[in-house]
Amino acid sequence: IAAGIGVTWGDGKLNFKGKDYPFSIDGLTVVDWGISKASATGDVYNLADVAKFAGTYLAGEAGFALAGGMGGMVLRNQDGVVLHVRSTSQGAKLQLGPSGLVIKMK
């Protein structure tokens, strides 16, 4: 993946109240050279109804740094759901695309 090239992340899974809900995600870019595959994990806050998970997420707070040089970001959607997203691929740095991050339930 070249720096600045958009990536459709494909599939994800939300575990909510003991049940898994598949979703698709789009709108993150990887800003490092030489990364051919990257992944991300995260925590979800302010989610009372699984139907409110889908939507467009924008930067809710500044990004944050994690141990080992990995980084993350905090995002918020139109329903107030908050995601703390962090890269799990070694050396991958995530950046929010210009339209935000879009999650669609499958």
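The model is predicted: local features need pLDDT of at least 70, side-chain atom pairs count only at pLDDT 80 or more, and totals for chains, interfaces and linings use all residues. Residues are numbered from 1 along each chain as its sequence is written, and side-chain values use heavy atoms, with hydrogens and water left out.

**The core**
- A nonpolar core is a set of buried Ala, Val, Leu, Ile, Met, Phe, Trp, Tyr and Cys residues joined through side-chain atoms within 4.5 Å.
- The largest such core has 15 residues, and L14, F53, Y57, L75, L83, L101 and I103 have the most contacts inside it.
- Two or more core residues come from each of β1 (6–16), β2 (19–30), β5 (71–77), β6 (82–87) and β8 (101–105); strands are DSSP runs of E, at least two residues long, numbered from the N terminus.

**L14 and L83**
- Leaving out residues up to four places away in sequence, L14 touches K19, D20, Y21, F23, V44, L47, V50 and F53; contact means heavy atoms within 4.5 Å.
- L83 is in strand β6 and counts as buried because its relative accessibility is 7%, where buried means under 20% relative accessible area, exposed over 50% and partly exposed in between (1.4 Å probe, protein chains only).
- With the sequence cut-off of four places, L83 touches D43, V44, F53, Y57, M73, V74, L75, L101 and I103.
- L83 and N46 are 37 residues apart along the chain, and their C-alpha atoms are separated by 9.1 Å.

**D26**
- D26 lies in strand β2 and is partly exposed, with a relative accessible area of 38%.

Conventions
Helices (H or I, at least four residues) and strands (E, at least two) are DSSP runs, numbered from the N terminus.
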